[in-house]
Amino acid sequence: MNNAVHFGAGNIGRGFIGETLASNGFSIHFVDVNSTIIDALDSRHEYDIELAAEGHKKIHVEKVDGINNKDNPEKVVEAIQNTDMVTTAIGPKILPFIADLIAQGISARKANNNTTTLDVLACENMIGGSQFLKGEVYKHLSDEDKKFADEYIGFPNAAVDRIVPIQHHEDPLAVSVEPFKEWVVDESQMKHPEIKLDSVVYVKDLQPYIERKLFSVNTGHATVAYTGEYLGYKTIGDAIQDNKVLDQVKGALKETGDLLIHKWNFDPAEHKAYQDKILSRFQNKYISDDILRVGRTPIRKLGYDERFIRPIRELKERNLDYSVLLDTVGMMLTFDEPKDSESVDLQKKLSEKTPKEVVTEVTGLKDEDLINAIVNKYEDKIAATEK
């Protein structure tokens with residue numbers, strides 16, 4: 001039996017990556033600092049997943065345990081030393097904090113002459129996640145260990161997609177996920193292509209699929225959240241029932257779809273079906289999410305290569321329409337959630353500096369016309385709320 005070390009025992013870790021690994025016959029070492037979840041995994045060695053759909057089908061996962069990387073880092077290193085695959089689902093910002101442990105695991109493999117090839121897959125909402133993690137891991141490796149890693153350790157980029165609904169369970173291991181899931185891996189970056197998981201798609205060029213997912217699912221979900229919050233809604237499910245919100249997300253997907261079709265030659269009819277599927281997922285009454293959760297970290301989501309600014313930039317370069325995306329960015333800048341540190345930071349910046357200074361800073365844009373267009377949208381949105 002193959003075994004995997006998976007960083008992140010949260011809902012996506014257990015409900016998507018863990019479920020996929022388990023269905024492929026893997027035993028799984030979950031690594032996390034949440035002692036409640038880790039202790040439960042370590043004592044029970046099993047948990048159930050519920051599909052958020054009619055019938056609420058249950059999926060049983062077994063042959064699992066938990067390692068607390070804060071309390072037992074040496075156990076994580078030992079697990080990596082002997083594992084067949086490493087995966088993550090912890091959030092892009094946390095990747096640097098686990099890099100040292102992965103590096104120590106690689107060093108241990110070298111020290112023990114374990115030359116079985118190993119792939120490390122960062123399953124995060126980001127472009128180039130595994131290669132980013134590789135860069136962080138290599139900061140902790142000696143030159144000799146880097147040579148070993150170059151030969152035996154792969155960091156294939158991955159694109160993952162599954163929505164987790166709002167949920168509260170008495171059982172810390174219970175998790176509910178939508179039926180839809182998509183996990184795509186760049187096989188050209190794999191060191192151990194002999195291990196291929198059923199239900200995972202392997203492609204020679206991941207970039208089109210990462211962008212399709214990021215600029216459709218993530219841009220679309222965020223559009224529902226920021227438009228919904230601007231109009232006073234609290235949940236995605238309530239917001240998407242408002243035609244203003246639905247029209248906004250359809251408009252945003254039309255614009256990102258035009259970009260993806262022009263850039264990557266996706267078949268227009270197939271891409272339309274993909275978008276329709278996404279909209280039906282947002283409208284699934286069983287997976288309504290909290291708008292403030294989906295909208296959190298607005299500064300990161302306003303980044304130069306993120307889900308709004310990048311498609312806007314690339315649409316402008318191609319003389320294609322980006323007016324709905326621009327309008328959504330105007331609403332993003334009004335997003336005010338006291339429980340989210342980035343939202344607090346963004347509103348603080350806007351109170352202390354000019355909107356143009358803030359837009360320039362958070363987006364990384366140098367295009368004056370685009371910066372001014374965003375500022376104008378933001379000021380229009382503020383003015384509209386003050387009437």
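**View 1. Strands β1 and β2 pair in parallel.** Five bridges join β1 (residues 3–7) to β2; strands count as paired if DSSP finds at least two bridges between them. The model is predicted, so local features need pLDDT of at least 70 and side-chain atom pairs pLDDT 80 or more, while totals for chains, interfaces and linings use all residues. Residues are numbered from 1 along each chain as its sequence is written, and side-chain values use heavy atoms, without hydrogens and water. Phe7 stands opposite Val31 in β2. From β1 the chain crosses through helix α1 (residues 11–23) to β2, a right-handed β-α-β crossover. Right-handed means that, with the strands pointing away from the viewer, the path from the first strand over the helix to the second runs clockwise. Helices (H or I, at least four residues) and strands (E, at least two) are DSSP runs, numbered from the N terminus.

**View 2. Strand β2 is largely enclosed by the rest of the structure.** Five of the six residues of β2 (residues 27–32) are buried, that is, under 20% relative accessible area (1.4 Å probe, protein chains only; exposed is over 50%, partly exposed in between). β2 also runs parallel to β5 (residues 64–68), joined by five bridges. Gly66 of β5 is the bridge partner of Phe30.

View 3. In α6 (residues 143–152), the buried residues are Asp145, Phe148, Ala149 and Tyr152.

**View 4. The buried residues of α6 have several packing partners.** They pack against α4 (95–111), β7 (118–122), α5 (129–138) and β8 (153–154). Contact means heavy atoms within 4.5 Å.
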